[in-house]
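Please examine the sequence and the model shown here before reading on.

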Amino acid sequence: EALEGRVSSLESSQPFVVASEPIEQVVVRYVPTSIRDLTLTAPVAGQVTLAATGTASLPPDAGPYLKCGIMTAVEEPPSDVAVFWSKPADAWDVPIAASRVFDIAAGATATYHLVCQNDAAGAGRIYAPRLTAIFTPAP
């Protein structure tokens, strides 16, 4: 039994990856909006490293930039975690990427959001947005 318990403990403390389902595109407006979500439960205490990717398309009425952040609530990303992308002068599309690390307690369930908004009232789009989480057990 001692060996079975040790094997079970070892199995529950392995790193794992969770990714959002692929989608073609989402519309981004002036208000903060969660465009991708992930929920996970930590088997043991550790850290969750999140990465977000996609391609932003910002037509003239969407404003000159897009702001996104990986958050635990759907709210405007504060300046210390927000990432900004400006559209190039000769194009509408720009690749986007962001990352963030969170601590998580053993047995805790957390939901993470990729929250984005553009700079003006028009609608921008993010093509192939993806949110990926990597759980790493604490040493």
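**Burial of two cysteines**

The model described here is predicted. Cys68 and Cys116 are both buried, that is, each has under 20% relative accessible area.

**The disulfide**

These two residues, Cys68 and Cys116, are joined in a disulfide, with 2.0 Å between their sulfur atoms. This separation counts as a disulfide because the cut-off for a pair of cysteine sulfur atoms is 2.5 Å. A search of the whole structure returns 1 disulfide.

The bond connects distant parts of the chain: Cys68 belongs to strand β5 (residues 65-71) and Cys116 to strand β8 (residues 109-118), and the two cysteines are 48 residues apart. As for its handedness, the torsion about the S-S bond of Cys68 and Cys116 is about 110°, and the disulfide is therefore right-handed.

**The sheet**

The strands that carry the two cysteines, β5 and β8, also belong to an open sheet of 4 strands. The order of the strands is β3-β8-β5-β6, with antiparallel pairing. At the edges lie β3 (33-41) and β6 (83-86), each of which pairs on one side only. From one strand to the next, the twist averages 15°.

**Pairing of β5 and β8**

Strands β5 and β8 run antiparallel and are joined by 6 bridges. Lys67, for example, has Gln117 in β8 as its bridge partner.

Technical notes. Residues are numbered from 1 along each chain as its sequence is written. This is a predicted model: local features need pLDDT of at least 70, side-chain atom pairs count only at pLDDT 80 or more; totals for chains, interfaces and linings use all residues. Side-chain values use heavy atoms; hydrogens and water are left out. Buried means under 20% relative accessible area, exposed over 50%, partly exposed in between (1.4 Å probe, protein chains only). Two strands pair if DSSP finds at least two bridges between them. Axes are lines fitted to C-alpha atoms, for helices over the stretch in contact, and angles run from 0 to 180 degrees between N-to-C directions.
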